[in-house]
Amino acid sequence: MNKLFLATTIWIFLAGNLFAVQDLNTPRSFPKIESKAEWQKRAQEIREQILVSCGLWPMPQKTPLKAHVFGKMIRDGYSIEKVYFQSYPGFYVAGNLYRPIGKGKFPAILNPHGHWENGRMADTNTGSIAGRCINFAKQGMIAFSYDMVGYNDTFFPDHGENISTKDFYKRHRGFATNETNLLWNINLMGLQTWNSIRALDFLESLRDVDKSRLACTGESGGGTQTFMLGAIDNRLAAQAPVVMVSHSMQGGCSCENAPGLRIEYSNMEIAAAAAPRPQIMIGATGDWTKTMMTIEGPAVESVYRLFDERNARPHPGPLPRGEGEDNLRYVIFDFPHNYNQTSREAVYNFFGRILKPRAPSSRETDFKKEADETLRVFSEGKLPDDAVSEAAFIAANIAQSKAVLTSLQPRNKKSLAKYKEIFTPAWIHTLQLNNPSRMPAPETIHLDIDGKVPTGAEVESGIKTNSSIYFAPWKSQPIGIVVLAHPKGKAIYLDEKGNPTGLAKLLVQRGFKVLVLDFPEATDSATNQVDLFFTTYNRTFAQERVRDLVNACEWVKDSGYRAILCGNGRAGLWTLLAAPASDAVIADCNALDFSSDAAQLENDLFVPGLRKIGGFEGVAGLAMPNPLILHNAQFPLGGIEDIYSTMQNRHFTGEKNLLSDETLAQRIAQMISENRR
């Protein structure tokens, strides 16, 4: 073998080094979209991200609602009833149903509320949930107002029954605060999003509802619920998010934040995901939607115009009925944060045109809200006897996730294809691998074994950086490219002269090109990554490292070679999480107990939602049938062994001991040789 070497310094994208930490107030820009097809692809990615972030991928089984509608009160032109149903077994969602008087098939509107002190009972000049529901009913539309988790009649019994309105918000934010829940993507936003889906199911179940004319509108946090539901559920014929579609403030409550949700996407894009279905967005000069007419509205309009230029038209106020057939309107009114009469009338006008109720009206009539105790579903603050505690609810949720993983475990080629179909998108969105960066062509420098430039060698054009090193045998045909990763970075594989040493040198001598990645070190003083608001807007350290590895694999494949990942130390665990992007993996498991939540909550390993997709074992299953060598591993290895053995795949090897560099080089060469046959 020729002992001359080629060394290349290349650039690896390390987002954590290039960008500051984002938070809910970081201004966001709207991407430039060139075509309807490009947007539809991005909209699908947005839907997937919402569902994965909310712990709803794959979608949970819809169990019987067991809805109760009772206590009917007849008023002038409408009726009010009390409602409760089970969104999950033993978890009760409650609210009030406002119906038109008379018979027929009516449009129906969901009404999630914002963070008013007393929730759906709010009735002030700034906003009245009952006011809009009464007027919807008078206009010939069924309206259902339902609680946020923790407010009024919707809560866990162990969170307190008879509490005052001033404690509703505290109870609201008390769900799923244990950090371990993040590993399963169990969060408040996920529960509320599921409640909205089931509330839509409830409306569909009513005999007097026209299923083709469903809509949703809410303000502030209820506006978040509105456009989140619109992005993932195409049953909505129209939506009206009020004072929440913003390029800056994205949502200040835990019910509006979920891991990974807004790393790539803002509220503007999430609202636009409903296109081309009809939508009106309302802003206020006195809050974070004050730029609705210049930033948010035009951004969302750009998407609607991809479907039809007539689909979007800005207007400074409500249009008279019948003027224009545009599907998007955005307006702003000179008020503080609100859903007041002026804003409500804009929605009445828009819904009246789209939903075509029996008696459409753009004007609000006088109304009188019923007393809180009259509207309350559980008047004494006591839930049904079968209501589950928070701990029982979370345990059942985790048990269901485990059951899904077990039921989908591959047993043959057909089930493997199904497994990958479901969990590959979940892997992409859990590890935050969407919108990948691309490595530029590197500068190439020819070196011999002593670090000298051989006679006649020339420097090839490209980009020179100081991040990672690329070695290869000169004047011979490499048999593959091995990507080496170690938590201490490239220094571990280089001698004092910058020449390859250890495993890197052994692999080059065996005929491999070797790409040695460099990583920043994780420190205990780094930002607390196990924090809901950090993970909503930023990749964790582990997600960044996996992204680097996946980008490296893509670069290798674009170069025409198979990508072989080899990780040592804690980097072995990152390579295992990047396995589906590679052609083979050799991973040091660092003696990690895969069943340990505490270990997976450490800063350099934490990945929100990892348990939901089966943990390290589940991700390794997505790499099937590619070769996999694990060493320095605790046994049993659970799902990894099960998947490979069930599939009768002989390309898996598990070792308790830490393999030496010589053994690793030999195993890698042997693995490639066997797979060539």
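Okay, let's start with H13, the helix covering residues 413–430. It has 18 residues, so at 1.5 Å a residue it should span 26 Å, and its end C-alpha atoms sit 25 Å apart, which agrees. Helices here are DSSP runs of H or I, at least four residues, numbered from the N terminus, and the expected span is 1.5 Å times one less than the number of residues.

Quick caveat: this is a predicted model, with local features needing pLDDT of at least 70 and side-chain atom pairs counting only at 80 or more, while totals for chains, interfaces and linings use all residues. Numbering runs from 1 along each chain as its sequence is written, and side-chain values use heavy atoms, without hydrogens or water.

Back to H13. At its start, a side-chain oxygen of Asn-412 comes to within 3.2 Å of the backbone nitrogen of Lys-414. Further along there's a kink of about 35 degrees at Phe-423, shortly before Pro-425; that's the angle between axes fitted to the seven residues ending there and the seven starting there. Both Phe-423 and Pro-425 are buried, meaning under 20% relative accessible area with a 1.4 Å probe, protein chains only. After H13 comes Gln-432, with a positive phi near 60 degrees.

Now the cores: buried Ala, Val, Leu, Ile, Met, Phe, Trp, Tyr and Cys joined through side-chain atoms within 4.5 Å. The largest has 147 residues, and Phe-144 and Leu-203 touch the most other members. A second, separate core of 35 residues includes Met-121 and Tyr-348.

Finally, confidence: mean pLDDT, on a scale from 0 to 100, is 88 for the chain.

How values were computed:
pLDDT = per-residue confidence, 0-100. Buried < 20%, exposed > 50% of the residue type's maximum accessible area, 1.4 Å probe, protein only. Helix = DSSP H or I, 4+ residues; strand = E, 2+ residues; numbered from the N terminus. Polar contact = N/O pair within 3.5 Å; in protein donor to acceptor, adjacent residues only side chain to side chain.
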